[in-house]
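Reader: I have the sequence and the model open side by side, and I would like to go through them with you carefully. Could we start with what the words mean and then move on to the details?

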Amino acid sequence: MTGLVTTITETMRYKGAIGQWSWVLHRISGLGVVLFITLHIVDTSWALFYPELYVHAIASYQTPLFTIGEFFLVACVVYHAYNGIRVIVMDFRPKLWRNQRKAAYWVLGLTAITLIPVFILMFGHVLNFYRESSPLLGLGEVISAQLPFVAGIAVAMIAALLFSGLIGLFVREPKQRRRQRSNTERFWWSFMRISGLLIVPLVFGHLAMMHVLQGVFDLTAQGSTIVGAPGAINTTGTAVEFVATRWNFFVAGVAIWRVYDFLLLTLVVLHGFNGLRYVLTDYTMFSPLLRRASVYLSVIGAVVLLVLGGAALMGTIPQSSIDAAEQATQHLIEQAGLTPVEEGAPAAEATTSP
Ligand code: HEM
Ligand code: HEM
């Protein structure tokens, strides 16, 4: 706790020191993306395991609250990526540290230059949607749909604390393993840098597909083409069909989007949750119980997401799930008091996107 208080007070006191602000922004943006991917990987697995719930999840993404969050998310990813590259370059070329002030401003400038056109394009998708449709879920429904995630995170925290308490009863902090631990830390230090560089093209490509080329609202646009699967059309206008089509799109016998998502999943989860461990252990140095719990929480989070996300990527989404998603969508449209799409009606007559 004292560590956290020191971070906040020193950051405020250190007015004008761009290096300190870069570090704080890097930390906050990394944590923001960790929180998002926790929801996102669980959500995406529903395309296979619980299609009706996936309809709700994507309908939540298409509400004002999530739209605002989406702009912040993209800003976090872009800033964190550029600043991460700055940190990596400085680590391997220590002589450049004397230019670190200038480099930090460059990172801010490049982030702004990237975000301006991206935000304009994203805003175009938002305007198109609100011109023709309205969200299917109200703010209350969107917030209450997040409660199971809050409960899940709370359960993971309690499990980590209990486990840490239990381990503390039987195991003493081993002094003689210090050397081995520092080797492990060296591995993670290198992993954070290598994985960071590999994530850049993967996550930028993913965001370009999901925000710029197609846009979150177009995941459920009936009759639209599906990004990354040339020639495929989203006939039901459901995100389940969108995901099923992409995961079943083969190039030279390889399901390229499954491989892509698998790489993204593994790198982002290991990098993000090891980053979470760095942050949590920084603020729990004073208590072995909490410090161990921080490590276990990061491990539990990573394992759950890797298993769930990996299982979804290995499965096959059946036609019955797409049909169930279509029905759930019609139900949501009726519930929202919008005109349901008649069976066989041309895509252009759809009154709402999902
Ligand atoms: C609102 C923003 C986003 C949207 C709308 C979105 C959309 C999607 C969709 C539709 C899929 C299904 C698979 C596919 O079609 O390829 C997917 C999978 C995935 N996305 Fe995103 N994405 C977003 C942001 C991100 C970000 C920022 C990250 C990483 C930092 C990310 C990481 C992943 C991963 C790892 C998977 C595979 C999940 C699994 O295996 O269950 N996504 N995303
Ligand atoms: C887009 C490419 C990315 C690059 C180039 C990158 C780079 C880095 C670097 C160099 C570090 C510092 C590691 C250290 O101190 O040893 C770091 C930390 C971190 N990263 Fe990333 N990263 C990227 C993506 C991500 C993503 C997608 C997430 C979330 C899932 C994430 C979450 C974190 C967190 C939480 C930290 C710890 C921050 C701290 O200790 O203050 N990063 N990243």
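Author: One definition is needed first: helices are DSSP runs of H or I with at least four residues, strands are runs of E with at least two, and both are numbered from the N terminus. Please also keep in mind that this is a predicted model.

Reader: With that in hand, how many helices and strands are there in the chain, and in what order do the elements run from the N terminus on?

Author: The chain holds 11 helices and two strands. Reading from the N terminus on, the elements follow one another as α-α-α-α-α-α-α-α-β-β-α-α-α.

Reader: What percentage of the contacts in the chain with a separation of 6 or more is accounted for by residues 24 or more positions apart?

Author: As background, the chain has 354 residues, of which 29% are buried. Among contacts in the chain with a separation of 6 or more, the share that comes from residues 24 or more positions apart is 73%.

Reader: Turning to ligand 1, which element gives the largest share of the shell around it?

Author: The shell around ligand 1 has 25 residues, of which Thr-44, Met-210, Asp-261, Leu-265 and Gly-309 come nearest. At least two residues each are supplied by α2 (18–49), α4 (64–92), α7 (178–213), α8 (239–247), α9 (256–282) and α10 (288–314). By class, the shell around ligand 1 divides into 17 nonpolar, five polar and three charged residues. The largest share, six residues, comes from α2.

Reader: And for ligand 2, which element gives the largest share of the shell?

Author: Of the 28 residues around ligand 2, those that come nearest are Gly-30, Gly-84, Gly-196, Gly-272 and Gly-275. Two or more residues of the shell around ligand 2 come from each of α2, α4, α7 and α9. The classes in this shell are 18 nonpolar, eight polar and two charged. The largest share of the shell around ligand 2, eight residues, comes from α7.

Reader: Which residues of α10 are met by α2, and what is the handedness of the crossing?

Author: The contact of α2 with α10 has nine nonpolar, five polar and no charged residues. From α2, the residues taking part are Thr-38, Ile-41, Val-42, Thr-44, Ser-45, Ala-47, Leu-48 and Phe-49, and in α10 they meet Gly-301, Leu-305, Leu-308, Gly-309, Ala-311 and Ala-312. As for the handedness, the crossing in which α2 passes α10 is left-handed.

Reader: How is α2 placed against α5, oblique or roughly parallel?

Author: Helix α5 covers residues 100–132, and α2 packs with α5 at an angle of about 45 degrees, with the axes 9 Å apart. The crossing of α2 past α5 is left-handed. In this contact Ile-18, Gly-19 and Ser-22 of α2 meet Gln-100, Arg-101, Ala-104, Tyr-105 and Val-107 of α5. Because of the angle, α2 counts, relative to α5, as oblique.

Reader: What about Ala-252, buried or exposed?

Author: Ala-252 lies in the loop between β1 (250–251) and β2 (254–255). Its phi is near 50 degrees, a positive value in a residue other than glycine. Because Ala-252 has 5 C-beta neighbours inside 10 Å, Ala-252 counts as exposed.

Note on methods
Residues numbered from 1 in each chain as written. Chains lettered and ligands numbered in written order. Predicted model: local features only at pLDDT ≥ 70, side-chain atom pairs only at ≥ 80, totals over all residues. Near = placed C-beta within 6 Å. Nonpolar A, V, L, I, M, F, W, Y, C, P; charged D, E, K, R; others polar. Left-handed = near helix turned anticlockwise from the far one by under 90°. Contact = placed C-beta atoms within 7 Å. Buried ≥ 20, exposed ≤ 12 C-beta atoms within 10 Å, placed from the backbone. Axes fitted to C-alpha atoms, helices over the stretch in contact; angles between N-to-C directions. Parallel < 35°, antiparallel > 145°, perpendicular 65-115°, else oblique.
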